[in-house]
Amino acid sequence: MNKEYIIRKNEEISHIVKTGKKTVSKFYIIYNIEREERDNQYCISVSKKLGRAHIRNKIKRRIKDILMKNKMAFNRKYVIIIRKDAVTASYNDLRENLIKQIKETINEKN
């Protein structure tokens, strides 16, 4: 995932969580707000409670891979918080659920 698609500033993440729309599923909690530029930006958060570093990194790599393979230009910023069930889920389950949930956030807007 290119640096231009990643949100790193704590203030920006806090702003999205406080003011953004929230959707919850079995694997993720996603907050999102509108963005002026065309492409999306993402922040992926995995708690230390979910496992050791190699497990958390594996989940983040999977999510980044899903996001980059399914380019969705919706002019939004997303904070994706990973839930405990995502650790044992298969790649396909994660992909289907994430794409479905992101598309639902767009449909809520319209």
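Asparagine 75 is placed in the loop that separates α2 (53-69) from β4 (76-82); helices (H or I, at least four residues) and strands (E, at least two) are DSSP runs, numbered from the N terminus. The structure is a predicted model, in which local features need pLDDT of at least 70 and side-chain atom pairs count only at pLDDT 80 or more, while totals for chains, interfaces and linings use all residues. Residues are numbered from 1 along each chain as its sequence is written, and side-chain values use heavy atoms, with hydrogens and water left out.

Although asparagine 75 is not a glycine, its phi is positive, at about 60°. Most residues other than glycine have a negative phi. The relative accessible area of asparagine 75 is 31%, so this residue is partly exposed; buried means under 20% relative accessible area, exposed over 50%, and partly exposed in between (1.4 Å probe, protein chains only).

Strand β4 is largely enclosed by the rest of the structure, because six of its seven residues are buried. Two strands are taken to pair if DSSP finds at least two bridges between them. Strand β2 (residues 28-34) pairs with β4 in the antiparallel sense, over seven bridges. Glutamate 34 is found opposite arginine 76 in β4. Strand β3 (residues 41-45) runs parallel to β4, and five bridges join the two. Opposite isoleucine 81 in β4 stands serine 45.

Two aromatic pairs are found in a search of the whole structure. For this search, rings of Phe, Tyr and Trp (its six-membered ring) pair if their centres lie within 6.5 Å; planes under 30 degrees apart count as stacked, over 60 as edge-to-face and the rest as tilted. The pair of phenylalanine 27 and tyrosine 28 is edge-to-face, because the ring planes are at 75°, with the centres 6.2 Å apart. Both phenylalanine 27 and tyrosine 28 are buried. The pair of tyrosine 42 and tyrosine 78 is stacked, because the ring planes are at 15°, with the centres 5.5 Å apart. This pair links distant parts of the chain, with tyrosine 42 in strand β3 and tyrosine 78 in strand β4, 36 residues apart. Tyrosine 42 has a relative accessible area of 5% and is therefore buried. Tyrosine 78 also counts as buried, because its relative accessibility is 0%.

Helix α2 contains arginine 61. With a relative accessibility of 54%, arginine 61 counts as exposed. Between arginine 61 and isoleucine 44 the separation is 17 residues in sequence and 9.8 Å in space, C-alpha to C-alpha.

The protein chain holds three helices and four strands, and its elements follow the order α-β-β-β-α-β-α from the N terminus on. The radius of gyration of the protein chain is 13 Å, which agrees with the value near 13 Å for a compact globule of 110 residues; this radius is taken over C-alpha atoms, and the globule rule is 2.2 Å times the number of residues to the power 0.38. The C-alpha trace spans about 35 × 30 × 25 Å along its principal axes. Of the 110 residues in the protein chain, 42% are buried. Among contacts (heavy atoms within 4.5 Å) between residues at least 6 apart in sequence, 80% join residues at least 24 apart. The accessible surface of the protein chain is about 7,000 Å², and 44% of this area belongs to carbon and sulfur atoms. Accessible areas come from the Shrake-Rupley method with a 1.4 Å probe, and for residues only the protein chains shown count as cover.
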